[in-house]
Amino acid sequence: MIKEKTNITLTFEDFKTEVLNDYRIAITSRECSLLGRREVLTGKAKFGIFGDGKEVPQLAMAKFFKDGDFRSGYYRDQTFMMAIGQLTVEQFFAGLYGNTSIEQDPMSAGRQMGGHFATHSLNEDGSWKDLTKQKNSSADISPTAGQMPRLLGLAQASKIYRQVAGITNKSNFSVEGNEIAWGTIGNASTSEGLFFETINAAGVLQVPLIISVWDDEYGISVHAKHQTTKENISEILKGYQRDKDAKGYEILRVKGWDYSDLIATYEKASLIAREEHVPVLIHVNELTQPQGHSTSGSHERYKDADRLAWEKDFDCIRQMKLWMIAINIASPEEIAEIDLKAKNEVLEGKKAAWNAFINPIIQDQKELVKLLEKVAVSSENKDNILKQISELNSIKSPLKKEILIAARKSLRWISNGDGKNELSTWITSYLAKNQPDFSSHLYSDSDLNVFSVKEVLPQYNENSKEEADGRMILRDNFDAIFTKYPEALIFGEDAGAIGDVNQGLEGMQEKYGALRVADTGIREATIIGQGIGMALRGLRPIAEIQYLDYLLYAIQIMSDDLATLQYRTVGRQKAPLIIRTRGHRLEGIWHSGSPMGMIINAVRGIHVLVPRNMTKAAGFYNSLLECDEPALVIECLNGYRLKEKKPINYGEFKTPIGVVETIKEGNDITLVSYGSTLRLVEQAANELIEVGIDCEIIDLQSLLPFDINHDLVKSIAKTNRLLVIDEDVPGGASAYILQQIVEQQDGYNYLDSKPQTLTAKAHRPSYGTDGDYFSKPSAEDIYEKVYAMMNEVNPSKFPSLY
């Protein structure tokens with residue numbers, strides 16, 4: 001009996017009430033799945049993927065999910081969200097229809113397809129809610145197993161809050177680290193590397209997470225025999241089982257249709273994870289998928305008759321019904337009455353959600369028709385406008401797109417006068433009203449965004465010209481950061497005991513402890529995941545990726561999860577993670593470190609900062625810790641041993657974000673670059689001045705955001721020439737920089753010569769100093785490129801070199 005397994009004293013009537021309430025939730029969720037599929041097939045919704053067949057185990061999980069806990073799951077968890085009170089029938093269908101109202105669809109305001117769930121961690125102004133007083137779900141993403149890395153960080157936050165003393169702002173985020181991070185994943189997705197990387201990391205870290213594997217034997221149409229060795233994920237993970245000699249996981253197995261045993265299993269798992277901070281894996285097997293994978297096909301195409309018959313018999317809701325009848329919880333007639341009531345409630349909820357979605361659009365449709373009828377009267381092309389009216393009127397359930405198409409096409413047929421201004425104003429207003437519903441909150445709109453931070457210059461002792469290696473500037477600034485921000489922590493490969501590979505964290509672990517300055521395994525994706533999860537829970541993590549080239553292991557998580565977080569939650573969740581790495585200008589294929597075009601085009605939503613020295617880098621860290629946005633900081637790999645002046649205001653000086661710096665003024669040509677290449681640009685410019693060519697040099701400092709003050713175009717207005725020097729491949733970051741200057745800033749208006757780029761070769765550099773010289777822009781390349789551009793301007797003064 002549940003009463004005995006949960007150690008809760010219940011009367012039979014209380015027990016019966018609880019069970020029947022669970023059943024109501026399960027059957028309501030099932031009806032949503034069934035009706036949701038029909039809505040897709042009739043064209044009211046675009047696509048559907050539902051949680052039918054997984055209802056009963058999700059009820060059990062929900063019973064032990066407490067305030068402060070976090071879910072990191074996938075798109076089958078609708079029953080769980082209903083059970084914790086975070087999803088209504090109307091919200092379910094609002095998500096299915098893609099309603100762009102955050103009130104109607106609080107999960108994503110139509111930005112994600114149905115089945116992607118989230119709770120609001122932030123108030124409308126971007127400030128934190130008290131996460132310890134609500135049940136929390138991190139925002140889902142579709143890429144399979146993509147929810148796993150963030151799960152690791154959500155769990156690690158509990159360990160940090162429990163074991164690290166002195167965190168002053170934790171009251172909104174944790175109660176002594178008692179929170180569990182609950183992960184869910186389909187059995188097929190356990191084949192992904194992200195799953196195994198997370199499993200291993202959580203076992204090493206010993207953090208309080210519970211992973212539920214929903215096992216229905218299929219991944220879309222592919223059977224488990226093609227997915228998993230031995231067709232059994234818990235079997236092959238047995239080596240992770242903890243024992244008296246070694247830490248590891250508690251691995252539990254339970255049938256997904258056994259309501260009573262599921263509750264006992266989840267109670268056991270929650271006690272272990274919450275009290276002992278031990279990770280738990282629950283393999284929930286013998287589950288079904290009554291409607292197949294999604295609305296895009298039927299599972300009858302790939303399941304044989306025996307499997308289909310078994311799924312019908314062992315459907316978890318059917319088994320729950322039989323169990324309730326067997327122990328006299330409810331009669332078949334009482335259950336049928338609950339079923340009918342749920343069906344009607346879901347139908348009414350669906351209607352309400354549809355009306356809330358479609359009625360405002362119909363009002364816009366009527367408004368436009370009325371306007372078009374008015375302007376058509378006096379138009380020379382009346383028949384063409386009437387055709388647009390007729391086509392628009394014929395649409396019973398219009399989309400915003402269809403309304404705007406009709407308006408824009410009609411505008412083509414209206415001459416000057418004839419209501420043209422009125423229609424064009426309507427179109428402009430309609431776009432202004434609706435475009436933000438699809439485009440807002442890629443970056444923070446709060447008062448803590450990166451533009452809120454003002455520059456604070458490094459201060460120096462005027463009586464001292466003392467210089468130090470660049471790595472010491474970073475080290476001393478990190479020291480100031482960890483003192484100033486007790487919630488700040490850093491982790492990565494070699495970041496702990498040896499103080500990172502370039503000694504920028506020398507002595508920091510000894511001073512601040514192994515939890516705040518930590519070594520990790522070689523596992524870049526979950527390093528980023530740790531940072532995302534901890535940032536979601538109010539900590540200020542700095543995730544270190546040893547080299548920029550290794551960032552490619554983590555680019556999917558950065559792109560699909562971190563970069564989209566504020567966007568896909570319409571500003572209701574944030575993860576101000578700082579990613580620290582190093583790159584550029586080292587010798588060899590694997591540490592050349594300049595795939596910038598790929599990075600900046602994959603991570604829109606994350607700021608990309610490219611400081612030219614360690615003082616600038618330190619200033620970026622100081623700025624970012626006052627912001628609520630994620631960023632990637634790329635330190636110059638060959639700059640750690642170069643000498644820089646020692647500031648006296650560590651932790652306080654701030655490099656402005658999105659602001660370029662003119663590091664040499666000139667009149668003949670504007671040279672634009674960033675990072676390590678700037679040193680070569682400066683060398684070439686010094687040599688060019690000897691032959692009468694005066695270059696202006698501008699350090700971009702950040703690629704995302706890009707020159708918010710448009711200082712680059714001001715320089716071009718003076719010099720009338722532009723050369724972008726970049727060590728990425730041709731058409732990489734240089735193409736982006738040119739697009740920003742020439743198109744976005746209208747730089748073409750001031751150019752007297754063709755804007756040009758000087759990039760690395762299309763390949764990566766081979767090993768050794770010669771490999772670098774023959775592959776990436778050298779000082780001689782820069783000199784000769786500038787000289788050739790000036791030769792075109794004045795061939796007599798600058799005769800051709802070749």
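Colleague: How many residues of domain 3 are in contact with how many residues of domain 4?

Modeller: In this predicted model, 32 residues of domain 3 touch 28 residues of domain 4. The two belong to a division of the chain into domain 1 (56-82 + 123-329), domain 2 (373-438), domain 3 (467-645) and domain 4 (662-793), and the centres of domain 3 and domain 4, taken over C-alpha atoms, are separated by 27 Å.

Colleague: What area is buried between domain 3 and domain 4, and which residues of domain 3 supply more of it than any other three?

Modeller: The general idea is that the size of an interface is often given as the accessible area lost when the parts come together. Here about 2400 Å² is buried between domain 3 and domain 4, with carbon and sulfur atoms giving 55% of it. Of the area that domain 3 buries against domain 4, Arg 585, Glu 587 and Arg 612 supply 31%, which is more than any other three residues.

Colleague: Turning to helices, at what angle do α5 and α12 pack, and how far apart are their axes?

Modeller: Helix α5 (residues 89-97) packs on helix α12 (residues 332-376) at an angle of about 50°, and their axes are 8 Å apart. On the α5 side the contact is made by Val 89, Glu 90, Phe 93, Ala 94 and Tyr 97, while α12 brings residues including Val 346, Gly 349, Trp 354 and Phe 357. Sorted by class, the residues of the contact between α5 and α12 are nine nonpolar, one polar and three charged.

Colleague: Which residues meet where α7 passes α19?

Modeller: Leu 194, Glu 197, Thr 198, Ala 201 and Leu 205 of α7 meet Glu 524, Ala 525, Thr 526 and Gln 530 of α19. By class this contact of α7 with α19 holds four nonpolar, three polar and two charged residues. As for the geometry, the axes of α7 (residues 193-205) and α19 (residues 524-536) come within 9 Å and cross at roughly 65°, in a right-handed crossing.

Colleague: How many nonpolar, polar and charged residues are in the contact of α3 with α9?

Modeller: Helix α3 (residues 55-63) and helix α9 (residues 259-276) pack at about 35° with axes 9 Å apart, and their contact joins Val 56, Pro 57, Ala 60, Met 61 and Lys 63 of α3 to Tyr 259, Leu 262, Ile 263 and Tyr 266 of α9. The classes in this contact of α3 with α9 are eight nonpolar, no polar and one charged.

How values were computed:
Residues numbered from 1 in each chain as written. Predicted model: local features only at pLDDT ≥ 70, side-chain atom pairs only at ≥ 80, totals over all residues. Heavy atoms only, no water. Axes fitted to C-alpha atoms, helices over the stretch in contact; angles between N-to-C directions. Helix = DSSP H or I, 4+ residues; strand = E, 2+ residues; numbered from the N terminus. Contact = heavy atoms within 4.5 Å. Nonpolar A, V, L, I, M, F, W, Y, C, P; charged D, E, K, R; others polar. Domains from an automatic or database assignment. Buried area = accessible area lost by both parts, 1.4 Å probe. Left-handed = near helix turned anticlockwise from the far one by under 90°.
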